[in-house]
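I opened the notebook to go through one protein model piece by piece, writing down what I looked up and in what order.

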Amino acid sequence: MSAAFIFPPPLWPSVAIAHDPRRFPVRRIFCIALNYAAHAREMGKEPAKDASAEPPVFFTKPADAVVESGATIPYPTLTNDFHHEIELVAALGSGGADIPAGQALNCVFGYAAGIDLTRRDLQATARNAGRPWDMSKGFDYSAPIGTIRPVAAIGHPARGRIALSVNGVVRQAGDLSDLIWSVADIIAALSRNVALAPGDLIFTGTPSGVGPLLPGDRVEGEVEHVGTVAVSIGK
Ligand code: MN
């Protein structure tokens, strides 16, 4: 007999899959920092010079931070500098530890466009104080994500426009070919930190042009060959 829970366990967070009525169950959300040189520079950081020599920096969001594309989300608490970061998201269908980069893409079930929402002022305050900046990244509704398109349909996008607009005005525009650490590099490095598993999502970093969102804003992101993601910020 299985043990009873003292209250009903929460619904499992999940993401829509293109042309499939089934859902992608989200296990964990991993993110990589400073993976486009122009974004590293706008954050006042020197981009990594040799991706093969320097391991990337990772952080996480709770799985239940995922938000379905099309939703309206509240302007978060505790911030006056709420930022958008459009990102390619890799959705893992299998995992493992110490995965060689040459085999890493075999773990990817599909890709989606996502937005790594950030309380930039909390991040800066924590960073400057030498404190963890979890609460600048891992807050409620901080991971909007579009429909996942399977690798079987689109392959592994290595180039293509990645862009975000706010109220119809383009704020971010880059190209996937500018990733410092490739998706394969990211999976290999992350799998040395933790054993990866089916359901893990990896946000692969944002191009330059990050900036503030305001109540009432309409945010639309796209990753060429992958898909779109859109959210509105509540008033
Ligand atoms: Mn990011």
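**Terms and source.** I call a residue buried when its relative accessible area is under 20%, exposed when it is over 50%, and partly exposed in between, with a 1.4 Å probe and protein chains only. The model is predicted, and I kept to local features with pLDDT of at least 70 and to side-chain atom pairs at pLDDT 80 or more, while totals for chains, interfaces and linings use all residues. Residues are numbered from 1 along each chain as its sequence is written, and side-chain values use heavy atoms, with hydrogens and water left out.

**Strand β13.** I began with S165, which lies in strand β13 (strands are DSSP runs of E with at least two residues, helices are runs of H or I with at least four, and both are numbered from the N terminus). S165 counts as buried because its relative accessibility is 12%. Taking contact as heavy atoms within 4.5 Å, and not counting residues up to four places away in sequence, I found S165 touching V170, R171, R218, V219 and E220.

I then turned to I162, which is also found in β13, and noted that I162 is buried with a relative accessible area of 0%. With residues up to four places away in sequence again left out, the residues that I162 touches include Y36, I86, E87, L88, A173 and V223. I162 and A173 are 11 residues apart in sequence, yet their C-alpha atoms are 5.7 Å apart in space.

Two strands count as paired if DSSP finds at least two bridges between them, and β13 pairs with β14 (residues 169-175) in the antiparallel sense over six bridges. V166 stands opposite V169 in β14, and in the hairpin of these strands, with two residues between them, N167 takes a positive phi near 55°.

**Nonpolar cores.** A nonpolar core is a set of buried Ala, Val, Leu, Ile, Met, Phe, Trp, Tyr and Cys residues joined through side-chain atoms within 4.5 Å. The largest one has 45 residues, of which V108, Y111, I115, I187 and I202 touch the most other members. Among the elements that each supply at least two residues of this core are β3 (29-32), β8 (86-92), β9 (108-115) and β13 (161-166), while the largest share, six residues, comes from α6. Leaving aside neighbours within four places in sequence, the contacts of I115 include H84, E85, L164, F203 and V219. Apart from this core lies another, of 19 residues, among them I17, A65, A91 and F203.

**Helix α6.** How many of the residues of α6 are buried? Eight of its 11 are, so I recorded the helix as mostly covered. The buried ones are V183, A184, I186, I187, A188, A189, L190 and S191, and what covers them includes β3, β4 (58-61), β8, α2 (101-104), β9 and β15 (201-203).

**Helix α3.** In α3 (residues 120-128) the buried residues are R120, Q123 and A126. Seen down the helix axis they fall within an arc of 130°, so they line one face of α3; the arc is that of the directions from the axis to the C-beta atoms. T125 and N128, on the other side of α3, are exposed. The buried residues of α3 pack against α1 (37-42), β7, β10 and α4 (134-137), and just after the helix G130 takes a positive phi of about 70°.

Next I followed an open sheet of three strands in the order β10-β7-β16, with antiparallel pairing. β10 (118-119) and β16 (211-212) stand at the edges with a single partner strand each, so one side of each is left without a neighbour in the sheet. β7 (residues 82-84) pairs with β16 over two bridges, and H83 stands opposite P212 in β16.

**Cysteines.** Searching the whole structure for disulfides, meaning pairs of cysteine sulfur atoms within 2.5 Å, I found zero. The sulfur of C31 is 18 Å from the closest cysteine sulfur, in C107, which is too far for a bond. C31 is buried, with a relative accessible area of 0%, and C107 counts as buried at 5%.
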